[in-house]
Amino acid sequence: MKVASKKITLGLTMSVVLFAGESNADMLDLIDQFSTDLERDSARAVLQTYNDLIATAGCSDNMLVDPASTGIPSSCTGQTFLLFNNVRRLIHTANEISKDRQGATAFSLGLDQRGLGFALRWNAAEEYNAQASLSSDFLQSQLSGFSSRMTALRFGASGFAGVNAMDIYQGYAAESSLTGGAAGADDYAYSRWGGFINYTGGSGKKAPGIYEDAFDIEGTDITFGADYRFNSQWTAGVVGGIADQEIDFDSALSTVDGGVVSDGFSVMPFILYQDKALFATAALGYQTLSFDTNRSIRYPSLNPDLPSPNTQTASSTDASTLSFSGELGYNYNLSAFSAEPYVKINYADTRVNAFVEQDLNDKAFDVAVAEQSFDSLESSIGLRLRYTFTPSFGVFTPFVGYQSVNQSNTDARTISARYANAASTENVFQLSSDEIDNQYSITTYGIASVIRGGRQSKGDGSIGGGIQIFVQYKEIGGLDNYEYSAITAGLRYEF
């Protein structure tokens, strides 16, 4: 193959080709032979970037050094040249593997096809699929805190988890200053205001999928709020929350290394209606999350003249979610036992802002990721069971719940990205996520207790000061490749 070239002599012996025609690459011939879709997507992106840099940035397949060091004008300098050098190595490796061997091979890494696929996976940025998992987990945690608060409110201003307010106060009358007339005659004698705070610690793990990496996840959430009871039927309030979550990618199970740290804030105003045993709740929510991500890019070179790539990138971005949650249920109360079937719907619309990575070693492996947008719609049916017993030393309510969740939007998402220093602004990486499971379950176990009944500080004043605590274990099951569990402890107080 003949190419037009321009040479410059450096010193006495070194001849450098700065510009040359495009070499014939064989990456396309290998794409269908790679073992995973992720490798194939990465191969297409590498080939497109390589061709774009030759066509629009003046890069040459035979460049040996950055043209800036020679004084010859060129747009293929600095980070652009380094990026070209990165993708050229992969292209030359493919050329050497190809049976036709029509393209240049001088910068081949000396890898076989399996090794090339390994290198292509390191170049892809599929780690950013984890941002969706963090957004979903944060929202689910806030909805869980919201649900527990609604349960408390439905069973009286001072009750929790099936405990009737009157039963609580009668059991604690001896140690409180309740007057019988105020406790029994007027529903509004109880404090209209209430507040709560919950602390949740959760952990889980994800097995590797077709497109997504294996990781371990840990996080803590604090959910808090206040509410005002207008009358025996209507209550309104607001639930807030903050969260710290961390994902650690499992390099033993996936071709990946690094992690994601996120901090979140949530606010969720709500309204509750209850009429005897029937109840309904509705809440609008706004959640924000910040993500700090680092990922490694490293793979071997068997060419003694080329060092093995080894660098790390860092990025920061934010996500916002608008959510709605609605629930309708009915409580069957049989003395100390209660059963509560319900239906629920949750909707969330999430947007992750566009961002650009920074290669911490200036090796030009950093990518620019386009804005992501995805929504979810879940409908579920569930059942809660409670039993209340009142020994001489307190009021206790063990409870168990099961919820079957159906997800309507199960299509795989796509993350569009490109090398940050590419000549073209087209998104060349189209990184798909794994398909979402259309059904999963949530199982909860716990116990609630009243540790102090309400008190009436004045003869004609409202009853307040009641304190309740609870502990709950939650487990998510039925998801392919993913498991998660959390323990929550909560405190409730009447103003």
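Reader: Which residues of H4 are buried?

Author: In H4, these are Gly115, Leu116, Gly117, Ala119, Leu120, Arg121, Trp122 and Asn123. Buried means under 20% relative accessible area, exposed over 50%, and partly exposed in between, with a 1.4 Å probe and protein chains only. The model is predicted, so local features need pLDDT of at least 70 and side-chain atom pairs pLDDT 80 or more, while totals for chains, interfaces and linings use all residues. Residues are numbered from 1 along each chain as its sequence is written, and side-chain values use heavy atoms, with hydrogens and water left out.

Reader: What makes H4 largely enclosed by the rest of the structure?

Author: Eight of the eleven residues of H4 are buried, so H4 is largely enclosed. Its buried residues pack against helices H1 (27-31), H2 (37-56) and H3, and against strands E7 (278-298), E16 (414-419) and E17 (429-432). Helices (H or I, at least four residues) and strands (E, at least two) are DSSP runs, numbered from the N terminus.

Reader: Why are H3 and H4 called roughly antiparallel?

Author: The axes of H3 (residues 78-97) and H4 (residues 113-123) come within 10 Å and cross at roughly 160°. Axes are lines fitted to C-alpha atoms, for helices over the stretch in contact, and angles run from 0 to 180 degrees between N-to-C directions. Under 35 degrees counts as roughly parallel, over 145 as roughly antiparallel, 65 to 115 as roughly perpendicular and the rest as oblique. H3 and H4 are therefore roughly antiparallel to each other.

Reader: Which residues make the contact between H3 and H4?

Author: From H3 come Leu90, Thr93, Ala94 and Ile97, and from H4 come Gln113, Leu116, Ala119, Leu120 and Asn123. Contact means heavy atoms within 4.5 Å.

Reader: Why is Arg295 called buried?

Author: The relative accessible area of Arg295 is 0%, so Arg295 is buried. Arg295 lies in strand E7.

Reader: How do you know that the side chain of Arg295 makes a polar contact with the side chain of Glu357?

Author: The value for this pair is 2.6 Å. A polar contact is a pair of N or O atoms within 3.5 Å; within protein, one must be able to donate a hydrogen and the other to accept it, and residues adjacent in sequence count only if both atoms are side-chain atoms. A polar atom of the Arg295 side chain also lies 3.1 Å from the backbone oxygen of Ala124.

Reader: Why does Phe355 count as buried?

Author: Phe355 has 6% relative accessibility, so Phe355 counts as buried. Phe355 is in strand E11 (residues 355-356).
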